[in-house]
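Good morning, and thank you for making time for this presentation. I would ask you to keep the model in view while I speak.

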Amino acid sequence: MASKMKSKLTEAEMDVLEIMIGSGPKTFTLLYSITRDGCNATTFHQKCDNQGATLTVLYNPQGSVYGGYAGFNWPGPGVWANDSKSFLFQLKFSGKKKERRFNNKNFTYSYYGSNNHGPYFGNGDLITFSGTINPSKGVFVLNGSSASATYDIHGLQADDITNGNLNVTELEVYKVTDGARRIVLTKPWRRTPDWNEKFLCELTKEMENMSPVIETLNAYRILLLGPVGSGKSSFCNTLTSVFRGRITQRAICGSGNRSTTTLYQPYNIRTRQGSDLKMLICDTRGLEEHPGIGPIDVNFLVDGHVPDMYEFNPEIPIDLSVPEFQLKPSLSQKVHCVAFTLDAASLDDIPSNVMTKIIDIANICKRKQIPQAILLTKIDTIDETVDGSVKQTFDSWKIHEHVKKASKLLGLTENLVLPVKNYSSESMVDDDVNILALLALRQIVYFVEDHLENVHMTESISVRRMQTANSDSGNRTDSGVDDIPLNVMAKVSNSNGKSNKSKK
Ligand SMILES: Nc1nc2c(ncn2[C@@H]2O[C@H](COP(=O)(O)OP(=O)(O)OP(=O)(O)O)[C@@H](O)[C@H]2O)c(=O)[nH]1
Ligand SMILES: [Mg+2]
């Protein structure tokens with residue numbers, strides 16, 4: 001069936017084209033693909049004539065994507081379509097997003113019917129091919145032409161759209177019909193138990209009972225980092241709300257070009273019974289375009305040199321001259337997991353220098369073997385079904401697409417991307433929002449536990465080495481062990497290295 005054919009056009013690109021067409025939600029059904037059907041004018045007409053509105057999309061080897069929209073049937077031989085709805089468009093140029101609609105200036109020459117041609121837009125604007133084109137090494141060198149005649153290409157040259165050639169790796173034609181695209185997943189993209197009160201209760205209890213595998217460590221320290229306005233402070237509030245059973249507003253949230261949060265502020269999480277969870281969620285200043293905090297600050301931050309409540313100077317990174325600089329941080333001051341907070345709706349719009357900072361920070365964490373996760377926030381803004389019911393999160397293909405995109409952006413595996421919907425406008429807590437937040441928190445805590453087990457093991461090995469060295473030299477003393485910086489005497493409850501993850 002045509003609708004099941006694999007298409008190159010992404011859902012995000014369909015969203016953009018839907019807006020360019022401008023008459024509500026649209027479904028795109030792939031009718032013709034030159035890589036599948038052959039690049040041949042007769043085949044194009046067999047598959048695409050009498051189909052109503054169609055969209056032609058060309059993909060070139062330089063990573064440019066462009067094409068044209070025809071609002072009616074392709075006309076009969078020798079006939080011009082007069083179509084005020086038609087337009088040409090650009091989606092990418094040389095691999096970079098360039099989303100532009102080129103309006104029709106002269107409806108008389110909107111598009112042309114010719115038995116011997118493929119899609120033919122304007123009086124020479126985009127004539128794709130005639131006859132048959134055979135590919136060479138995956139590239140179809142089309143024998144058409146491109147120019148600026150009927151469509152207004154905003155003063156650009158045709159070359160600014162086509163890279164000066166009509167070589168393509170694919171040309172697709174879609175039938176465009178009214179109606180929202182609905183992709184029903186046959187199974188959730190991530191499995192979870194049934195969402196109900198019992199599950200919520202289990203998750204809550206599990207988190208309340210978690211305690212670090214290294215006994216002397218009082219609390220896991222989880223650092224939130226991400227662009228300005230990505231929802232870091234809101235996530236702190238969401239977690240504190242989940243455990244208090246009411247909406248809390250401990251961290252100030254807001255929106256603006258500069259970060260609302262200016263301090264490095266760890267938040268404890270208090271339960272309804274008044275006890276604290278053994279974890280601190282650390283809010284921090286957002287990563288700004290210029291200058292703002294960057295990898296140098298974060299390097300000191302994750303190593304524990306930055307004191308709690310430190311106010312970052314966005315102009316100058318922290319260094320040893322700062323009086324509060326912690327010279328010998330303990331394990332409890334170090335960061336045990338970095339959660340990058342990314343706004344799901346703005347993944348494509350992260351300024352390039354902010355993205356560079358994030359990648360540099362991710363690499364620092366990798367080098368230091370600090371676990372990382374991505375909190376994908378604001379998922380309610382990218383899928384209306386989820387806006388209505390957060391329970392649908394793992395059934396939403398749109399969210400899955402964004403999860404995949406976030407994982408690619410940071411080069412982290414997909415299972416490290418944790419979708420969340422923060423409390424932002426609610427006045428009461430909601431079980432499903434709580435469950436989603438708890439699933440994210442649980443995963444982060446699991447990563448931290450794994451990390452601490454590694455820390456523990458590394459320290460145990462170094463202790464054994466030192467003991468061996470001391471006994472070899474006949475110098476073995478108890479004080480040698482005391483000199484080890486971390487608490488290597490930590491008791492791990494079970495001998496095969498498995499943690500006391502949940503002390504019930
Ligand atoms: N709809 C929706 N809005 C959210 C969500 N998370 C945060 N927001 C809103 O996004 C805006 C920014 O949120 P903050 O939590 O202040 O973001 P931040 O990352 O702490 O920002 P800075 O401190 O400025 O770096 C606020 O208006 C929040 O209400 C979410 O999951 N869904
Ligand atoms: Mg904030």
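Which residue in E15 is the bridge partner of Lys-26? It is Asp-178. Before I go further, a word on conventions. The model is a predicted one, in which local features need pLDDT of at least 70 and side-chain atom pairs count only at pLDDT 80 or more, while totals for chains, interfaces and linings use all residues. Residues are numbered from 1 along each chain as its sequence is written, and chains are lettered from A and ligands numbered from 1 in the order in which they are written.

Let me begin with the overall picture. The secondary structure of the protein comes to 12 helices and 22 strands; helices (H or I, at least four residues) and strands (E, at least two) are DSSP runs, numbered from the N terminus. The C-alpha trace spans about 95 × 50 × 45 Å along its principal axes. Of the 504 residues, 41% count as buried. A residue is called buried if 20 or more other C-beta atoms lie within 10 Å of its own, exposed if 12 or fewer, and partly exposed in between, with C-beta atoms placed from the backbone. Among contacts between residues at least 6 apart in sequence, 70% join residues at least 24 apart; a contact requires C-beta atoms, placed from the backbone, within 7 Å.

I turn to the antiparallel sheet. Six strands form an open sheet in the order E1-E15-E3-E4-E6-E7, and the pairing is antiparallel. E1 and E7, the latter covering 96-103, stand at the edges with a single partner strand each, so one side of each is left without a neighbour in the sheet. From one strand to the next, the twist averages 20 degrees. Two strands are said to pair if DSSP finds at least two bridges between them.

Within this sheet, E1 (residues 26-33) and E15 (residues 170-178) run antiparallel and are joined by 7 bridges. E15 is also joined to E3 (residues 54-59), by 6 bridges and again antiparallel; here Thr-54 has Lys-175 as its bridge partner. Further along, 5 bridges join E4 (residues 65-70) to E6 (residues 87-93), also antiparallel, and Tyr-66 finds its partner in Gln-90 of E6.

Two helices pack on this sheet. H1 (residues 11-21) touches E1, E3, E4, E6, E7 and E15, and its direction makes about 150 degrees with that of E6. Axes here are lines fitted to C-alpha atoms, for helices over the stretch in contact, and angles run from 0 to 180 degrees between N-to-C directions. H3 (residues 41-48) touches E1, E3 and E15, with its direction at about 150 degrees to that of E1. Glu-13 belongs to H1 and counts as partly exposed, with 19 C-beta neighbours inside 10 Å. The C-alpha atoms of Glu-13 and Tyr-66 are separated by 11 Å, although the two are 53 residues apart along the chain.

The next sheet has mixed pairing. It is open, with 7 strands in the order E19-E17-E18-E16-E20-E21-E22. Its edge strands are E19 (310-311) and E22 (417-419), each pairing on one side only. E16 (residues 220-225) and E20 (residues 337-343) pair in the parallel sense over 4 bridges, and the partner of Leu-225 in E20 is Phe-340. H6 packs on this sheet, touching E16, E17, E18, E20 and E21, and its direction makes about 15 degrees with that of E17.

How enclosed is H6, and why? Of its 13 residues, 12 are buried, so the helix is largely enclosed by the rest of the structure. The buried residues include Lys-232, Ser-234 and Phe-243. H6 is followed by Gly-245, whose phi is positive, near 75 degrees.

H6 also leads us to the ligand. There are 23 residues around ligand 1, the closest being Gly-231, Ser-234, Cys-253, Thr-261 and Gly-286; a residue is included if its C-beta atom, placed from the backbone, lies within 6 Å of the molecule. H6 (residues 232-244) supplies the largest share of this shell, 3 residues.

Finally, consider Thr-393, in the loop between H9 (384-388) and H10 (397-410). Thr-393 is buried, with 28 other C-beta atoms within 10 Å. Not counting residues up to four places away in sequence, Thr-393 touches Ile-379, Val-386, Ile-399, Pro-419 and Leu-436.
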